[in-house]
Amino acid sequence: MAAPGAEPFTVSAYAAPSEGSPLAPTTIERRAVGPKDILIEIQYAGICHSDIHTVRGHWGPQTYPLVVGHEIAGVVTRIGAKVTRHRVGDRVGVGCMVNSCRTCANCRQGLEQYCLNGNVLTYGSKDRDGTITQGGYSTHVVVDEDFVLRIPKSIPLEKAAPILCAGITTYSPLRHWKAGRGKKVAINGLGGLGHMAVQIARVLGAEVTVLSRTPGKERDARRFGADHFHLTSEAAATDELANTFDLVVNTAPEAVDLNRLMPMLTLDGVWVNVGAFSEPMPISVFMTFANRLSFAGSAIGGIAETQEVLDFCARHGIAPEVEVISADQINTAYTKVVAAEARYRYVIDTTTISSPRA
Ligand code: NAP
Ligand code: ZN
Ligand code: ZN
């Protein structure tokens, strides 16, 4: 049978039927492959904590049913007539965005994640045809070729998937704030993002510290390349680290006590939040006066930079540590991610969506 895509077509997926309810098998429509579109047969989709925040309503109301998943890896099975960047059979990936305006000042700099006219996110976003985008917990997706990334040969697809969000989201701020030789960098939270951040910061040449609430993660932290490991649970422990780090990348998915943790930064130190939650975090201006500190945020990364991090991981032989699961294990995996028990990224074998394992 010819690959689907000449007409809109139905694919199998796992969706949240409503806010807070367990994900369940369903079918969704994908658009016909347009002249600049790529049809991808998805093989793996990573589970990002953002997927969980989204379907549990932490970030506000969504349109349901909703298929999440923005760490997508698969193979091209059909291309539109005007496609030039990818060919049938290519191993490709899709991250958090599937389109942007391409004309605003930020898009023109390759910063589509900060598109001034609103980019189209991989799920839960209004697409150019007015439909709501549906993500990677499904068997196929149709995406504009400019938002499709090449996966280097040396990276297995299941390990490539998490690089499309966890990898780029940590690579981008580490590069922007110049983590590298002579810099002391701390990563707060050793989860999906955190364990990529440690590996990337180490390759960039920084002295890397993991800050964690979980004593059992020390050995893993060191295996990923951390030079130091400290527990954040006790104030005494963080007080001892006062005036230490040039950069802290905070990956915690809930508010933390900035007034206790930011003083670990040294002169001109920067606290970058990538952890994404709606609760405000109080911040004492006097605390920031000491050592002229900055508080910053960073969202994913642009398309060119996402290709860069894939190539960087391939070149340096670094990859996420993944546990491949079948689709019927998604809800259990969500519970484990929230309990910080993932080691370190669950990745769904999306072929199990349409043909459940016996
Ligand atoms: P994850 O795998 O669950 O890892 C988060 C880690 O943070 C945990 O392993 C845990 O590490 C630590 N942590 C601290 N406080 C916690 C708490 N109250 N509950 C659970 N864990 C806690 O999550 P992730 O996929 O890395 O995502 C992390 C955050 O980044 C999420 O909020 C996600 O939405 C956000 N995110 C943002 C962007 C962006 O563009 N800015 C992109 C992707 C994800 P320890 O055990 O070491 O303490
Ligand atoms: Zn993500
Ligand atoms: Zn734009």
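Helices (H or I, at least four residues) and strands (E, at least two) are DSSP runs that are numbered from the N terminus. The structure is a predicted model, in which local features need pLDDT of at least 70 and side-chain atom pairs count only at pLDDT 80 or more, whereas totals for chains, interfaces and linings use all residues. Residues are numbered from 1 along each chain as its sequence is written, chains are lettered from A and ligands numbered from 1 in the order in which they are written, and side-chain values use heavy atoms, with hydrogens and water left out.

**View 1. The shell of 30 residues around ligand 1.** Residues are taken as near the ligand if one of their heavy atoms lies within 4 Å of it, and those that come nearest are His49, Ser212, Thr214, Lys217 and Arg345. Polar contacts here are pairs of N or O atoms within 3.5 Å; within protein, one atom must be able to donate a hydrogen and the other to accept it, and residues adjacent in sequence count only if both atoms are side-chain atoms. An oxygen atom of ligand 1 lies 2.5 Å from an N or O atom in the side chain of Thr214, while an oxygen atom of the ligand is 3.0 Å from a polar backbone atom of Ala276 and a nitrogen atom is 2.9 Å from a polar backbone atom of Ser298. Ligand 1 exposes 920 Å² when taken alone, and the protein buries 92% of that area, as computed by the Shrake-Rupley method with a 1.4 Å probe. Helix H1 (49-55), helix H5 (192-204) and helix H11 (330-338) are the elements that give two or more residues to this shell, and H1 gives the most, with 3 residues. The shell has 14 nonpolar, 12 polar and 4 charged residues, where Ala, Val, Leu, Ile, Met, Phe, Trp, Tyr, Cys and Pro count as nonpolar, Asp, Glu, Lys and Arg as charged, and the others, Gly among them, as polar.

**View 2. Arg345 in strand E17.** Arg345 counts as buried because its relative accessibility is 6%, buried meaning under 20% relative accessible area, exposed over 50%, and partly exposed in between (1.4 Å probe, protein chains only). Its side chain is joined to that of Glu71 by a polar contact of 2.8 Å. With contact defined as heavy atoms within 4.5 Å, and leaving aside residues up to four places away in sequence, the residues that Arg345 touches include Cys48, His49, Glu71, Gly192, Leu193 and Glu323. In the loop between H11 and E17 lies Tyr344, and a cis peptide bond with omega of about -10° joins Arg343 to Tyr344.

**View 3. Helix H5 and its cover.** Of the 13 residues of H5, 11 are buried, among them Gly192, Leu193, His195, Met196 and Leu204. The cover over these buried residues includes helix H4 (166-176), strand E10 (184-188), strand E11 (207-212), helix H6 (218-223), helix H10 (303-316) and strand E17 (345-349). The expected span of a helix is 1.5 Å times one less than its number of residues, so the 13 residues of H5 should span 18 Å, which agrees with the 19 Å between its end C-alpha atoms. Just after H5, Gly205 takes a positive phi of about 105°.

**View 4. Helix H4 within the rest of the structure.** H4 is largely enclosed, because 9 of its 11 residues are buried; Ala166, Ile168, Tyr171 and Leu174 are among them. The buried residues pack against E10, H5, strand E13 (245-250), strand E14 (265-273), H10 and E17. Lys178 follows the helix and has a positive phi near 55°.

View 5. Most residues other than glycine have a negative phi, and most peptide bonds are trans. Arg292, in the loop between helix H9 (285-289) and strand E15 (294-297), has a positive phi near 50° and is exposed, with a relative accessible area of 55%. Ile300, in the loop between E15 and H10, has a positive phi of about 20°, but it counts as buried at 14% relative accessibility. Pro65, in the loop between H1 and strand E4 (72-79), is joined to Tyr64 by a cis peptide bond with omega near -5°.
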